[in-house]
Amino acid sequence: MKSLAWRGNIDFYSGLLLVAVAGVALLYIRTLAIGTVLEMGPGYFPLGLALVLLGMGLCLLVKGLLVSGPPVGQFHLRPLFFILLSFAAFGVLVERAGLILAILVQVAIAHFASRETSWRESSITGVALAATSAVVFVWLLKIPVELLP
């Protein structure tokens with residue numbers, strides 16, 4: 001018989017991930033001033049979010065220990081690699097090549113994460129995201145980012 005912690009259900013590992021993320025966030029937040037409800041410091045809101053995340057993670061962790069659920073499926077490296085690579089490319093390109101090209105390159109790289117997506121779908125998505133982002137972030141919100149190099 002497997003121990004309760006090693007049943008391998010999704011709730012247990014999801015809760016463990018949320019608790020770990022909340023723990024890392026709490027480590028970073030400890031250097032910020034928290035303040036009070038009336039005079040909130042820069043760490044007040046992140047502390048609240050981290051505590052909510054920690055609570056949700058603990059609930060999922062306990063549920064995963066007490067209730068058997070579906071097992072964790074196969075881990076796919078291809079989508080993970082291309083999605084992370086697309087975010088890295090966006091981060092590198094947004095200041096050098098502008099918002100529009102960075103979004104188009106990000107969508108083009110992310111296209112390889114799935115074998116089910118066609119180039120036509122990815123192209124339409126990339127153009128729509130670039131146009132929407134230009135309107136929302138640059139023209140409406142006035143965020144100082146270049147659209148093109």
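**Close-up views of a predicted model**

View 1. At a relative accessibility of 12%, Ser-133 counts as buried, because the limit for a buried residue is under 20% relative accessible area. In this predicted model, Ser-133 lies within helix H5, which covers residues 119-140. When neighbours within four places in sequence are left aside, the residues in contact with Ser-133 are Leu-99, Ile-103 and Val-138.

**View 2. The largest nonpolar core, with its nine residues.** The largest nonpolar core is made up of Val-94, Leu-99, Ala-102, Ile-103, Val-107, Ala-130, Ala-134, Val-138 and Leu-147, nine residues in total. Two or more residues of this core are given by each of helix H4 (99-111) and H5, and the largest share, four residues, comes from H4.

View 3. Val-135, Val-136, Phe-137, Trp-139, Leu-140, Leu-141 and Ile-143 together make a nonpolar surface patch of about 650 Å².

View 4. Phe-82 is found in helix H3, which is formed by residues 77-96. Not counting residues up to four places away in sequence, Phe-82 touches Ile-109, Ala-110, Phe-112 and Ala-113. The view also takes in His-111, which is 29 residues from Phe-82 in sequence, while the C-alpha atoms of the two residues are 8.0 Å apart in space.

**View 5. Pro-42, an exposed residue in the loop between helices H1 and H2.** Pro-42 is placed in the loop that runs between helix H1 (10-29) and helix H2 (44-66). With a relative accessible area of 58%, Pro-42 is exposed, because a residue is classed as exposed when this value is over 50%. Leaving aside neighbours within four places in sequence, Pro-42 is in contact with Leu-32 and Ala-33. For Leu-32, the separation from Pro-42 is ten residues in sequence and 6.3 Å in space, taken from C-alpha to C-alpha.

Key. Residues are numbered from 1 along each chain as its sequence is written. This is a predicted model: local features need pLDDT of at least 70, side-chain atom pairs count only at pLDDT 80 or more; totals for chains, interfaces and linings use all residues. Side-chain values use heavy atoms; hydrogens and water are left out. Buried means under 20% relative accessible area, exposed over 50%, partly exposed in between (1.4 Å probe, protein chains only). Contact means heavy atoms within 4.5 Å. A nonpolar core is a set of buried Ala, Val, Leu, Ile, Met, Phe, Trp, Tyr and Cys residues joined through side-chain atoms within 4.5 Å. Patches are made of residues with over 30% relative accessible area and no salt bridge: like charges are joined within 9 Å, nonpolar side chains (Val, Leu, Ile, Met, Phe, Trp, Tyr) within 5 Å. Accessible areas come from the Shrake-Rupley method with a 1.4 Å probe; for residues, only the protein chains shown count as cover. A salt bridge is a side-chain nitrogen of Lys or Arg within 4 Å of a carboxyl oxygen of Asp or Glu.
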